[in-house]
Structure formats: C-alpha cells, structure tokens
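Trainee: Please take me through this entry in short questions. Start with a term I will need, then go on to the sheets and the interfaces.

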There are 4 protein chains.
Amino acid sequence: MRVGTLYTGRRRADDNCSDVAIRIFVTGGTFDKEYNELTGALSFKDTHLPEMLRLGRCRLDVSVRTLMMIDSLEMTDADRAIIVEQCRQAAEPRILITHGTDTMIDTAAALASALPASTGKTIVLTGAMIPYAFGSSDGLFNLGSALSFVQVLPPGVYVAMNGRWFEWNRVRKNRETGTFEAV
Amino acid sequence: MRVGTLYTGRRRADDNCSDVAIRIFVTGGTFDKEYNELTGALSFKDTHLPEMLRLGRCRLDVSVRTLMMIDSLEMTDADRAIIVEQCRQAAEPRILITHGTDTMIDTAAALASALPASTGKTIVLTGAMIPYAFGSSDGLFNLGSALSFVQVLPPGVYVAMNGRWFEWNRVRKNRETGTFEAV
Amino acid sequence: MRVGTLYTGRRRADDNCSDVAIRIFVTGGTFDKEYNELTGALSFKDTHLPEMLRLGRCRLDVSVRTLMMIDSLEMTDADRAIIVEQCRQAAEPRILITHGTDTMIDTAAALASALPASTGKTIVLTGAMIPYAFGSSDGLFNLGSALSFVQVLPPGVYVAMNGRWFEWNRVRKNRETGTFEAV
Amino acid sequence: MRVGTLYTGRRRADDNCSDVAIRIFVTGGTFDKEYNELTGALSFKDTHLPEMLRLGRCRLDVSVRTLMMIDSLEMTDADRAIIVEQCRQAAEPRILITHGTDTMIDTAAALASALPASTGKTIVLTGAMIPYAFGSSDGLFNLGSALSFVQVLPPGVYVAMNGRWFEWNRVRKNRETGTFEAV
C-alpha cells in the first residue's frame, strides 16, 4: 500500500506488517553535527539521514526533507513555526523529526498545541547525544527506535530517546545524566 | 520491571511513556559474529548486546541472557525447544530474541505454535546482515527498532528487520536482496 | 622532485623532507577482505587502498595498482612471478605491497632472490590481521607504517608489521600470537 | 629497551629489524579531543594512545607519558619548556610527540634549538586533523607513520604528517588545505 491510501493511524484487522509511508523532517541537532578539520569547530554540512537509512537496510517508505540545519539552542519561534507548518502540510500521517535534544521538548509542545491527536498525525521527535559522524554515536539506535515507534504509536506527539517513548508533556531531559526521563 | 506490577501487554489509559521490563535472549547469528584474527574465520565469542545497549544510551529495564551462540543454519529442533522453553518461563511478557536471519522465521513459527497470543507474550525476533563488530552493520539500527516494537506491539510473535515489523507467518527472507518482505 | 630523477635510496645532503614517488601493488589478503552479507562468507571486492590513503590525508606521490585479489594461502608460484615481474618493471624504486600475512614472507623471499639490493629497489610488504572494512583493524596503522619505512629504508626487501620493520630473511609470523617477530 | 644497550641513533651493520625503545610524549591536540555529550563541546579526557597502539598490534618497546592535554593554540612558552626538558631527560634517544597541528612547528623549533642533532636524539612530532575518537580520523595512520619514521630517521627534529616527514625548519601547515607542505 505504498501509495494511494492514507494509513489511518490505527492497525486494521488485516494489518500484518508495517507498510506505511513516513515523512522525515531534518532540523539539525547533534545528530548531524560534523567536525570541521580546518577550523577545529563543530558545524553542519549535509544530513546523514540517507546514509543511516542505507546502513540500517531500511526498507520503509520514507521521504526525507531537510527543513533547517541548526543547533536546537538557536532555534527560534519562527523556526518552530516552519516545523509546525511542514507537519501540518505533510501528506503522511506518520512524521519523524530529527532535532537537537536541548529544546526538543519545546518543539514537541508547539507541535502538540497546533496538531492535536484529532488531526490523526503521529509525530515522533528524536535526536542524538553524540554526532552520528563520530564513533560511539547513539544516532543509529535512536533512528531505528524512532522509526519503529512512529509506525505503531497512536496519533499524538512523542519523544523517542534512550530506547523509550514519552508523550511530549510527560518528559524532561536530565542535563546531569544526558538522558530523558518521565515526569 | 521498575514499578512492581507486571506490564499487561496493552497500554493502560494512564500510560504516558514506555516503562516496561524486557527480556533479551541471545542466540548468536550474524549479529554477534567476530573475525578471528588468528584463524581468519568468523566465529563467536561473547555477545555484543551489553555494549550495544550502552552505545544506544538505552535506559529500558532490560535483562540479557545468552542461550546459545550459533549460526542459525546450525540451529536444531532441540535448540529451538530451549528457546521456546525459556520464553515460556520468562517473567517478562516482552521478549526480544537476537537470531541469525537464515532460520529466524522457523524459530518464530516454533514460538507462535507454543506460545499463542493468548499467553500475553509479545516476542520480537531480530538479527543483522552484517556483524555488529564490523563497520557498516545494521545491528544497532535493528536493535533500536526491535526494542521499540516489542514495547508497543500487542501479544504475538514478530520479526523486526529493515525498519519494519512482520507477523511471523506473513514474512519471508528474500535471499537475493538480503531483505525481509511481506508475503 | 615528483618526476624525472630517481630517488637513490639514500638521503642526499640537501634532502629535507620525503618527496618520492611510491608504487603500491595490491594483492589482496586480510587487508581487503569484506563480509558478503548475502552469503555470510568473507570475500574480495575492490581494494580499500584509495579510501585508506584519503583517510590518512596522505599527500605522497603514490600510484596504486591491483595485481590480484586473493587470500595469500592460495597464492601460487605463478602469482609470485607476476608480483616479481611487476616490481622489476616498476619505474619507482620505492614499492609497497599489500599482502596476506600467511605467506607474506614467501613472497618476500621470491622478491629478494629476483631483485637484490643492488637493483636499488626498496620493497616493503605489509598486511593486516583484521580486514580494514571491519572495526578494530590494524590496517590503517600498518599502511601508515609501511609507507613511512619504504621512504627511508635502504634498498632491500622488508616486512612491516606491528609497527616494526624486518629484513625479509630475519622474520617469521608467530601463528599463536598473530604477530611478526625477529629470528 | 629489549636488549640492554642503548640504540645509538644509527643502524649498526648487524641490524636486521627495528628493536629500539621509543618514548611517546602526549600533549593533547586534536588527536585526543573528545565530544562531551553533556555540554556539546570538544574537550580532553584521557589519551587514546594506548588504545591506538593496541589496535595497531604494535609490538614496539614504547612507553607513553602524558605531559599535558591541551589545544596547541593554548600552548605557552612554559608548556614548551616542559616538553623540551622531558625530551632532554628521556633515556630513549627516539621520541615521538603527539601535538596539536596549529603550533606543532613552533614546538619543533624550540626542541631543535635546545636539542641539536649532536645530542643524538631523533624527535618526531605528529598530530591529527580529526580526533581519533571520531570516525574518519587520520590519527591511526599518522601514529603508524610517525612511529616508523622515528625508528629510522637520523638524529634531528621532524614533523610527520600526511604520510611524509619534514625537517622542522622546512615545513609549514597550509591552513587552507589542512595539510603540511615543504618550504
């Protein structure tokens, strides 16, 4: 059913596998940071999402679009308005957003306010504590996790980190441990 | 599990995050293969699961147990009986099994036959096309994916590969492409 | 002095850096082995040498040529004759050969017999205990090491492994430890 | 050292392999930078040298000592005096220094001034353009290269980068390309 019918957000009686179109919006964050060897600073070039999907041998029907490439500490209300608007316009009811972890929950709140569950959209935000391009990144694990949650969770806005999912308003980032926890 | 009651296999009205005990059974497979630099052959030593969970900054309540370390082409009925029995005895209703991809579906069938959905167990099998210890492995992506599906899918036996989930009797491995597809 | 004059094998009074043409012959070996994810076997595709030189930001004047892509246990006298002949014909007096470690010393002996130091050629053989494409390979270290030795050692045939250089007839591979040692 | 006599800095007639004690001084630099996942900044923890030597299956007689862990742009004259003094006191006539690339040549000049070739010491400085802990680092290649040059080059102070060696006063870092070149 790759084309033509919208996935309704709940599994039908005859569903026997995941076969659902997913939109991925890239906003930057640690996920996509790189080391600039000429300046010695961390910066952004292109997103690593396509390479990561290839590495994961992902066979989902995903389309990736980069909205911005910024550190989430620098994300403005105007940036969030763009993300909200893109999610509103997306044909796919299943949306994954890669995002810096520092203000991920703020963006989740903006999305939940503008796109309540009644709109039928399942939106999952994820990120990484270590850039994918570096060794020892959690990025590939988080991507696999978030892509799975977005296929199965009912409409709503969620954060997927540390192998867990959280409703947007029941989670906080613990800055001492670098992990997300329920509140 | 963190809070003293058994997770029932379906989300309750007040569930707002994933907080559920998960049992991981390791059986070997490509996932855990290593290159033996003295013999030049592929072989098994210890499982990489704990290292992978650490890399994924996983904060789920998981306990890992190695049942066997074998190539799934060498898995016997007796081996499968061990896996089934361990799943039956596991206190956790959420079980993840790492397994070679070649006979993963056979083991899934044995599990589905012995442990129908009425037992309340959600069992997800996953594997890897490339050993985790090598570069370019899909293992970390698959682990993140399978750990997420096992938290959210209803009781039953599933295969999680290529970012997708499949009911055990609606999937096959395409040996030309190395991917799993719905049947 | 990239072109035109032959490097004489000893530093001249006005030498102040390494600026010398080097020929690299690729013969396969563990260095270039890959994991075939469809068969689960180790096999050869293309050499990783160009990628490794790029990773090392190598700015030497090197030209790479693949002579064969085989496990050194399968190397025949005819294969060795090809290697010897290619070294004889090479315009560059500095030659690096990547080679499986199991019979590296046999090939070194064939080279030393056919191309004595009086021919002015410095030939260094190196290999790897772990394929470069896998994690934890010694390949990049060995390549950096062998490329350095070949620039500075006087004419002769050498093995470069474990950070050390050995004259071809004063070395053996210790198969218990997987290291090369002086005899 | 393995055989009881000090290596004199020139190969003896009966030398047939590298068997020489080497001192490694660690000063920090990009080589050893890490990504701090709590702050998102680059910083130093412990040196990666021992791990790198293990990865390279290095069987040289090396001893590693960390003198400082700093960005070479912050290195002061007092820091350089420490490095010079440590090199002067080292029993080993073969010394490798890991160093940030930005002021590597300044430190080399200080060493050459204080420890002329007549002291019999061969000192090689190396570094990395990308931290070893990240993917795609040149660190392991450079370490293999520098360890090899330091065994074979005559007394003097050298920079080993990009697979090449340079006398300390005939090299500059090209900041546009990130490579070292002869002057």
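Mentor: A polar contact is a pair of N or O atoms within 3.5 Å. Within protein, one atom must be able to donate a hydrogen and the other to accept it, and residues adjacent in sequence count only if both atoms are side-chain atoms. The model is predicted, so local features need pLDDT of at least 70 and side-chain atom pairs count only at pLDDT 80 or more, while totals for chains, interfaces and linings use all residues. Residues are numbered from 1 along each chain as its sequence is written, chains are lettered from A and ligands numbered from 1 in the order written, and side-chain values use heavy atoms, without hydrogens or water.

Trainee: How many residue pairs are in polar contact across the interface of chain B and chain A?

Mentor: Begin with salt bridges, each a side-chain nitrogen of Lys or Arg within 4 Å of a carboxyl oxygen of Asp or Glu. Across the interface of chain B and chain A, the rule finds zero of them. For residue pairs in polar contact, both at pLDDT 80 or more, it finds 10.

Trainee: Which element gives the most residues to the side of chain B that touches chain A?

Mentor: Helices (H or I, at least four residues) and strands (E, at least two) are DSSP runs, numbered from the N terminus. Two or more residues come from each of helix 4 (139–152), strand 8 and strand 10 (179–182) of chain B. With 11 residues, the top contributor is helix 4 of chain B.

Trainee: How many charged residues does that side of chain B have?

Mentor: Asp, Glu, Lys and Arg count as charged; Ala, Val, Leu, Ile, Met, Phe, Trp, Tyr, Cys and Pro as nonpolar; the others, Gly among them, as polar. The side of chain B that touches chain A has 17 nonpolar and 13 polar residues. Its charged residues number 11.

Trainee: What area is buried between chain C and chain D?

Mentor: Contact means heavy atoms within 4.5 Å. On that rule, 41 residues come from chain C and 41 from chain D. Buried area is the accessible area (1.4 Å probe) that two parts lose on being put together, summed over both. Carbon and sulfur atoms give 59% of it here, and the total is about 3600 Å².

Trainee: How many salt bridges are counted between chain C and chain D?

Mentor: The search of the whole structure finds 32 salt bridges over all chains. Between chain C and chain D there are 10 residue pairs in polar contact. The salt bridge count for these two chains is zero.

Trainee: Which residue forms a salt bridge with Glu34(C)?

Mentor: The two side chains meet at 3.9 Å, N to O. Glu34(C) is in strand 2 (residues 33–35) of chain C, and its partner is 11 residues apart, in the loop between strand 3 (42–44) and helix 1 (49–55). That partner is Lys45(C).

Trainee: Which residue takes a positive phi in the hairpin of strand 9 and strand 10 of chain C?

Mentor: Strand 9 (residues 171–174) and strand 10 of chain C run antiparallel and are joined by four bridges. Val171(C) stands opposite Ala182(C) in strand 10. Four residues lie between the strands, and a phi near 75° belongs to Gly178(C).

Trainee: What is the strand order of the open sheet in chain B?

Mentor: Two strands pair if DSSP finds at least two bridges between them. Six strands take part, and the pairing is mixed. The edge strands, pairing on one side only, are strand 4 (61–70) and strand 8 (164–167) of chain B. The order is 4-1-5-6-7-8.

Trainee: At what angle does helix 2 of chain B run to strand 4?

Mentor: Axes are lines fitted to C-alpha atoms, for helices over the stretch in contact, and angles run from 0 to 180 degrees between N-to-C directions. Helix 2 (residues 77–89) lies across strand 1 (21–28), strand 4, strand 5 (94–98) and strand 6 of chain B. Its angle to strand 4 is about 165°.

Trainee: Which residue of strand 7 of chain B stands opposite Leu125(B)?

Mentor: Strand 6 (residues 122–126) and strand 7 (residues 156–161) of chain B pair in the parallel sense. Four bridges join them. Opposite Leu125(B) stands Val159(B).
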